[in-house]
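Okay, thanks for coming, everyone. Have a look at the picture first.

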Amino acid sequence: MNVPFVSFLPMERELDEDLRTAFERVYKRSWYIAGAEDKAFEEAFAEFCGVKYCVGTGNGLDALMIALKALGIGSNDEVIVPSNTYIATALAVTYTCATPVFVEPDIRTFNIDPQKIEEKITERTKAIIPVHLYGQVCDMDLIIKIAKKYNLYVVEDCAQAHGAVYKGQKAGSFGDIAGFSFYPGKNLGALGDAGAVVTNNKELADKVRALCNYGSDYKYHHIYKGHNSRLDEIQAAFLLAKLPYLDKMNMERRRIAERYQKEIVHPEIILPYVTPNVVPVWHIFGIRCNRRDELDQFLNKNNIGTNRHYPIPMHMQGCYKELNISTGQLPIAEEISATELSLPLYYGMTDKEIDYVVKILNCFK
């Protein structure tokens, strides 16, 4: 049997008619930027997240960067980010000319450890970016409490958490502002690059919209040095077609993850920990194993696709050498990078495929 790491085919087959109809609707209208599809998706996604405002962007990185710029983050500022995340989180800070300050994660959840945040706060700190990694929401109660204590902004990175819930509340609705990615592989993915910013603050939403559109609040009137980062009509239409299915697809991802949690019993495999009061959406099902590379090779030889998130920690990437963080200074991020292995998990994965993955994993020697 061959089990890919990810497959879009089952979802695409199910949504084929809806997606084709969405494309035809945009094509016939001949309006491709800032039109009816964009407006309809923004309204629907804001409602889905439980917030008042949504502004579409060109991609998830832009969503975070522009959210930070809308808050006034800039030169000489510092922003708290987790040491274990995709590099886009740190790049968003860098692109505002601020400095990312890495805080270690909780080894069980891979998410930022709130207990370690305060020791990294300085007079220059302006914001915290909690990343809801792999689709599990961070401990937002404590993060919000710390932010209020030090008068910091909270910018949620929800790139992997579309529909994830913490204490009955959706990811993206806790902080001052949040950024989403709709990269095709996300739980809610476009058929190309796309993103969005969500917030309950109208002033912030208006500023984000202007910053996304060359800094313009109306045509040929530019109040900020802005960017060209807009959600185009075709991607908005595709997202609008997919959104009604998202809860169903997330539920199926949870079912697959629950089978993995119950049936993978190998003593060397450390399964992901689910925080109480969190309903994850399992963008990634990441296990840990001290013999990760051997396990990876074993699975691949048995035709099971895998991935490693993220094999080189951010502080060890060449682009951040100026931060002068040497090996060993962020040991938890380094340990996760050396031991994490992501298993196949996608909508439409069959029970036979799940059975096979579990069987092969439990046979690892």
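This is a predicted model: local features need pLDDT of at least 70, side-chain atom pairs count only at pLDDT 80 or more; totals for chains, interfaces and linings use all residues.

Before we start, a word on angles: under 35 degrees I'll call roughly parallel, over 145 roughly antiparallel, 65 to 115 roughly perpendicular, and the rest oblique. Axes are lines fitted to C-alpha atoms, for helices over the stretch in contact, and angles run from 0 to 180 degrees between N-to-C directions. Helices (H or I, at least four residues) and strands (E, at least two) are DSSP runs, numbered from the N terminus.

Residues are numbered from 1 along each chain as its sequence is written, and side-chain values use heavy atoms, with hydrogens and water left out.

Let's begin with the seven-stranded sheet. It is open, has mixed pairing, and runs in the order β1-β9-β8-β5-β4-β2-β3. By pairing I mean that DSSP finds at least two bridges between two strands. At the edges sit β1 and β3 (99-103), each with a single partner strand, so one side of each has no neighbour in the sheet. On average, neighbouring strands here are turned by 25 degrees against each other, direction ignored.

So which strands does β9 pair with? On one hand there's β1 (residues 53-57), antiparallel to β9 over five bridges. Across that pairing, cysteine 54 has valine 198 as its bridge partner, valine 55 stands opposite valine 197, and threonine 57 is partnered with glycine 195. On the other hand there's β8 (residues 177-181), which runs antiparallel to β9 and is joined to it by four bridges. Glycine 195 turns up again here, as the bridge partner of serine 181.

Is β9 buried or exposed? Buried means under 20% relative accessible area and exposed over 50%, with partly exposed in between (1.4 Å probe, protein chains only). Five of the five residues of β9 (residues 195-199) are buried, so the strand is largely enclosed by the rest of the structure. In a regular strand, side chains alternate between the two faces of the sheet. Here, Gly195, Val197 and Thr199 point one way, while Ala196 and Val198 point the other.

Helix α5 (residues 140-150) lies across β4 (125-128) and β5, at about 150 degrees to β5.

On to the helix pair. The axes of α8 and α11 (residues 351-362) come within 11 Å and cross at roughly 30 degrees, so the two helices are roughly parallel to each other. Which residues meet? Contact means heavy atoms within 4.5 Å. From α8 we have Arg255, Ile256, Arg259, Tyr260 and Glu263, meeting Asp351, Ile354, Asp355, Val357, Val358 and Asn362 in α11. Among the buried residues of α8 are Ile256, Arg259 and Tyr260.

Last stop: an open sheet of three strands, β7-β6-β12, with antiparallel pairing. Its edges are β7 (169-170) and β12 (278-279), each with a single partner strand, so one side of each lacks a neighbour in the sheet. Two bridges link β6 (residues 165-166) and β12, and tyrosine 166 has valine 278 as its bridge partner.
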